[in-house]
Amino acid sequence: MKYLMSFLLLASFGLLPAQNTDTYPDALTIIEKVDANLVSDSQITESEMVIHGRRNSRTVRSIGYTMGNEKSFSEYLAPAKEKGTKMLKLEDRLWIYSPDTDRSIQLSGHMLKQSVMGSDLSYEDMMEDRKLTEMYDAEVTGSETIDGRATWILELNAKVEDVAYDSRKMWVDQERFVPLKEELYAKSGQLLKRVTMTDVAKIDGRWFPKKMNYKDMLKSGEGTDFIVLSIQFNPDIPEHIFSKASLRM
Amino acid sequence: MNLAFQLAYKNLMGAGLRTWLNVGVLSFSFIIIIFYNGLIDGWNEQAKRDSIAWEYGYGQLLNSEYDPFDPFTILDGHGTLKEEQRKNLTPILIRQASVYPDGRMLSVALKGVDVNQSTLELPIQALKESTTAIPAMIGENMANAAKLKEGDEVLLRWRDKGGTFDAANITIVKVFDTDVPTVDNGQIWIPIQKLWDMTGLQNHATLFVANEQFQATNIPGWKFQSQEELLSDLTDIIAMKKVSGSIMYLLLLAIALLAIFDTQVLSVFRRQKEIGTYIALGMTRSQVVGLFTVEGSMYSLLAMVVGSIVGIPLFTYLAKTGIAFPAASQDIGIALADRIYPVFGIQLVLTTILLVVVAATIVSFLPAKKISKMNPVLALKGKLQ
């Protein structure tokens, strides 16, 4: 959950100003305001992931610790079957600890493309942590109303080759500066994933979306919901949390 | 010795049903041993033939970063060869991708193959003649798993050389039938020129398949695996199958040999007067032991005769028509045809004959050697010793 949050937050990192029209604000200004709402040096988030299956839905609760873009640690708290499973991400490496086998495995290659606990998110999606400023050019292309809220539409196009998504489209609330929707596209223009943010609330003086729906547009189903139960911005997190030893603690 | 054979033959025929029961069990073991080994040899031949025709060719030149048993190496395990080095080689580029049939996601190995190659039996003509944007062919197992058929379009998602996602519809122009699951399960074949365009990896290949004229040379960054090396895993699996299967027929053989052993023990016990008479008439103890041993081993000779009467027509029929295997068994991961033609070689038959005769002779000799310690007078009187 926290990875996704980070990923979405980072999606708004300092995008370059682009060809703005007279009526549209500067893309960079919008993004900086979004950053002020969503980005923090460290976070502790307790969240629920609701995975909608074909017949039923299941909920996985977890607590996540994030430090910057490169360190994160999460532990599953419920259901009993997943309880105790832990994930550690250090830069581009990801380890998963399973209490059933009492072993940690490092994921890489095609395994990173596998779905996380049957959700619409892959491990790779969770590991996405580069700043969008490094990867994309952006511009404001229009405005639209979503659920009664006026939004700016931002289009992001890759300026480097090694990015997962060639282009993105983001809808940012014009008053609260929180993204309400994001679409991720393939090079061919095929829509691959859609993220919808709702339940925007003010937490510690920041506007923050407490619910996100992550939908793989190529798969059938209702996608996966992320619900933030509690979040702390810029807490002090002990360094030992982000070590392999903490997986077995 | 001639006398021993005559006496042994008369004694066996005189024993009637007991003899034929022993011979029956032994001949059944004889047939089963030959049948099972013939079946495995037939499978071996077929699997090697098909693997060479569909996958291995006359060896493969693999990128040194690529390990066929480690999917993690697919991402970086590719490279190019100079034009003159590509002679007699068919390039194959492998990338990881996903297809979405009916909203389900399936991870696949996307394989690009040269549509002008003739080394492998892949039905590339369909790819060559298709006018669709991205023509693809898949094996029957893959078609069943993805519920796809010829003419279907399905969305494919892949990554280019920079790791950027791309997606487009591919058209299944051919569903082929192969006995080699490693070119079928979880794989989609498209023209390599198309895959180069899609990924930006122009002229790159994960591996090259050699044809008959290829001469292996040391090329930095690439490792050549000969046909024998590529087939060694298959050979090992089949050899292991042979050993595990031998437990079953050795048990059967042990039962037959136990029957002969019992018969011999009974003979030595019940025919003491006869033994005493042979010695009294001038036969040495070792001659009498030989007589009883020949009698026992003659079961194996009779079993061979009976086995031949039943086995020759049966094996001839099976070698011609083959043995059908259910479709479910095709998913075991190694080349297995839907019909296997057993191979009954002369070496197999001779080895089996030798095994049965030697084993029967040994179990006949063990009880008979007791005769060498018998007192002839007591034996004549029929007293227990």
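Me: How far apart do the C-alpha centres of domain 1 and domain 2 of chain B lie?

Reply: They lie 51 Å apart. This is a predicted model, so the distance is a computed one.

Me: What makes up each domain of chain B in the domain assignment?

Reply: Domain 1 has two pieces, 2-52 and 232-381. Domain 2 is 60-225.

Me: Why is helix 6 of chain B called roughly antiparallel to helix 8 of chain B?

Reply: Start with the angle. Helix 6 spans residues 227-270 of chain B, and helix 8 spans residues 285-321. Their axes come within 10 Å and cross at roughly 150 degrees. That makes helix 6 of chain B roughly antiparallel to helix 8 of chain B, as the label applies over 145 degrees.

Me: What is the hand of the crossing where helix 6 of chain B passes helix 8 of chain B?

Reply: Right-handed.

Me: Which residues make the contact between helix 6 and helix 8 of chain B?

Reply: Helix 6 of chain B brings B:Ile260, B:Gln264, B:Ser267 and B:Val268. Helix 8 of chain B brings B:Phe292, B:Gly296 and B:Tyr299. By class, this contact holds 4 nonpolar and 3 polar residues, with no charged ones.

Me: Which residues of helix 2 of chain B meet helix 8 of chain B?

Reply: On helix 2 of chain B they are B:Asn22, B:Val23, B:Leu26, B:Ser27, B:Phe30, B:Ile31, B:Ile34 and B:Gly38. Their partners in helix 8 of chain B include B:Tyr299, B:Ala303, B:Gly307, B:Val310 and B:Phe315. The class count for this contact is 12 nonpolar, 6 polar and no charged residues. B:Tyr299 also belongs to the contact with helix 6 of chain B.

Me: How many residues does the contact take from chain B and chain A?

Reply: There are 19 residues from chain B and 19 residues from chain A. Strand 5 (153-159) and strand 6 (165-176) of chain B each supply at least two residues of the side of chain B that touches chain A. Strand 6 of chain B gives the most, with 4 residues. By class, that side of chain B has 9 nonpolar, 6 polar and 4 charged residues.

Me: Why is B:Tyr66 called buried?

Reply: B:Tyr66 has 20 other C-beta atoms within 10 Å. Buried takes 20 or more. So B:Tyr66 is buried. It lies in the loop between strand 1 (60-63) and strand 2 (89-99) of chain B. Setting aside neighbours within four places in sequence, B:Tyr66 is in contact with B:Thr73, B:Ile74, B:Gly77, B:His78, B:Thr206 and B:Leu207.

Me: Why does B:Thr217 count as exposed?

Reply: B:Thr217 has 9 C-beta neighbours inside 10 Å. Exposed means 12 or fewer. B:Thr217 therefore counts as exposed. Its place is the loop between strand 8 (207-210) and strand 9 (222-225) of chain B.

Me: What makes the phi of A:Asp102 worth a note?

Reply: Phi at A:Asp102 is positive, about 55 degrees, although the residue is not a glycine. A:Asp102 sits in the loop between strand 5 (93-98) and strand 6 (103-107) of chain A. With 9 C-beta neighbours inside 10 Å, A:Asp102 counts as exposed.

Me: Why is A:Asp204 called exposed?

Reply: A:Asp204 has 10 other C-beta atoms within 10 Å. The limit is 12 or fewer, so A:Asp204 is exposed. Its phi is positive too, about 50 degrees, and it is not a glycine. The loop here runs between strand 11 (191-203) and strand 12 (206-216) of chain A.

Me: What kind of peptide bond joins A:Ala78 and A:Pro79?

Reply: A cis one, with omega about 0 degrees. A:Pro79 is in the loop between strand 3 (71-78) and strand 4 (86-90) of chain A.

Conventions. Residues are numbered from 1 along each chain as its sequence is written. Chains are lettered from A and ligands numbered from 1 in the order in which they are written. This is a predicted model: local features need pLDDT of at least 70, side-chain atom pairs count only at pLDDT 80 or more; totals for chains, interfaces and linings use all residues. Axes are lines fitted to C-alpha atoms, for helices over the stretch in contact, and angles run from 0 to 180 degrees between N-to-C directions. Angles under 35 degrees count as roughly parallel, over 145 as roughly antiparallel, 65 to 115 as roughly perpendicular and the rest as oblique. A crossing is left-handed if the near helix is turned anticlockwise from the far one by less than a right angle, and right-handed if clockwise. Two residues are in contact if their C-beta atoms, placed from the backbone, lie within 7 Å. Ala, Val, Leu, Ile, Met, Phe, Trp, Tyr, Cys and Pro count as nonpolar, Asp, Glu, Lys and Arg as charged, and the others, Gly among them, as polar. Domain bounds come from an automatic or database domain assignment.
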